[in-house]
Amino acid sequence: VGQEEEHVPVAHKREMLKLKALWDDTRRELVEMRARLKGTLSEVDTMRSRNDSMAAEVVRANTGWREAEERAARHERAIDSLGAQVREAAAREEALLGENQSLRLQERERQAVVQASDEIMALQKQKLDVFEAHIFKLEKEIDRIHNRAKSGGNDVVVGGASGAGAGAGGARS
């Protein structure tokens with residue numbers, strides 16, 4: 001039995017050494033795992049930082065996109081406004097062209113009226129000249145008849161001889 005008692009502590013010591021070796025291996029693995037975990041946490045932090053940066057970029061890109069959409073909408077409204085102005089200007093131009101054409105027609109009509117008026121005036125002047133000449137002849141005839149009646153029936157012509165008996169009754173000046 002004495003030998004067994006001596007064996008126990010040696011077996012126990014071996015067991016303890018094995019446990020201690022196992023413990024040391026476990027501690028080393030634990031230290032390695034901690035180091036790997038720290039590396040993994042560092043990678044996670046790096047990935048989170050990248051993710052945050054990417055999220056910020058996405059926000060900036062979305063903001064930029066919204067701003068670009070707003071600018072595009074403003075440009076589109078400006079283009080629509082310019083289109084409306086161009087259409088209004090074209091309508092005004094067409095109206096002005098119509099007015100211009102109407103004014104040209106009115107000017108032609110006015111010129112035709114002026115020309116017709118001038119022609120009428122010329123014809124009236126001719127008629128007046130003919131009428132005045134006729135009145136002058138009638139006045140001469142009246143004077144001749146008046147003078148004849150005064151002279152007792154002889155033809156007397158004022159300002160020159162006229163008719164068959166010119167000069168028979170004497171010419172008056």
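**Figure 1. Glu141 and Arg144, about one helical turn apart in helix H1.** In this predicted model, Glu141 and Arg144 are 3 residues apart in helix H1, so about one helical turn separates them. Their side chains meet in a salt bridge, with an N to O distance of 2.1 Å. Glu141 is partly exposed, at a relative accessible area of 33%. Side chains of opposite charge can pair when their charged atoms come close.

**Figure 2. The salt bridge between Arg110 and Glu107.** The side chains of Arg110 and Glu107 meet in a salt bridge, 2.6 Å from N to O. Both residues belong to helix H1, where they are 3 residues apart, about one turn of the helix. Arg110 has a relative accessibility of 45% and therefore counts as partly exposed. Glu107 is also partly exposed, and its relative accessible area is 32%.

**Figure 3. The salt bridge between Arg28 and Asp25.** The closest N and O atoms of Arg28 and Asp25 are 2.1 Å apart, and the two residues form a salt bridge. Arg28 and Asp25 are separated by about one helical turn because they are 3 residues apart in helix H1.

**Figure 4. A nonpolar surface patch formed by Met16, Leu19 and Leu22.** Together, these three residues have about 300 Å² of accessible area. Leu19 lies in helix H1, which covers residues 2–150. The relative accessible area of Leu19 is 47%, so this residue is partly exposed; a residue counts as exposed when the value is over 50%.

**Figure 5. Helix H1 and the surface of the protein.** How many helices and strands does the secondary structure come to? There is 1 helix and there are 0 strands. The helix, H1, takes in residues 2–150. Of the 173 residues in the protein, 2% are buried. The accessible surface comes to about 15,500 Å², and carbon and sulfur atoms account for 58% of that area.

**Figure 6. Residues 160–173, where pLDDT stays under 50.** Over this segment the model has 11 contacts beyond four places in sequence. For the protein, the mean pLDDT is 84, and 83% of residues reach 70 or more. Where pLDDT is low, the predicted coordinates should not be read in detail.

Conventions
Residues numbered from 1 in each chain as written. Predicted model: local features only at pLDDT ≥ 70, side-chain atom pairs only at ≥ 80, totals over all residues. Heavy atoms only, no water. Patch = residues over 30% accessible without salt bridge, like charges linked within 9 Å, V, L, I, M, F, W, Y side chains within 5 Å. Areas by Shrake-Rupley, 256 points an atom, 1.4 Å probe, with all protein chains shown as cover. Salt bridge = Lys/Arg side-chain N within 4 Å of Asp/Glu carboxyl O. Helix = DSSP H or I, 4+ residues; strand = E, 2+ residues; numbered from the N terminus. Buried < 20%, exposed > 50% of the residue type's maximum accessible area, 1.4 Å probe, protein only. pLDDT = per-residue confidence, 0-100. Contact = heavy atoms within 4.5 Å.
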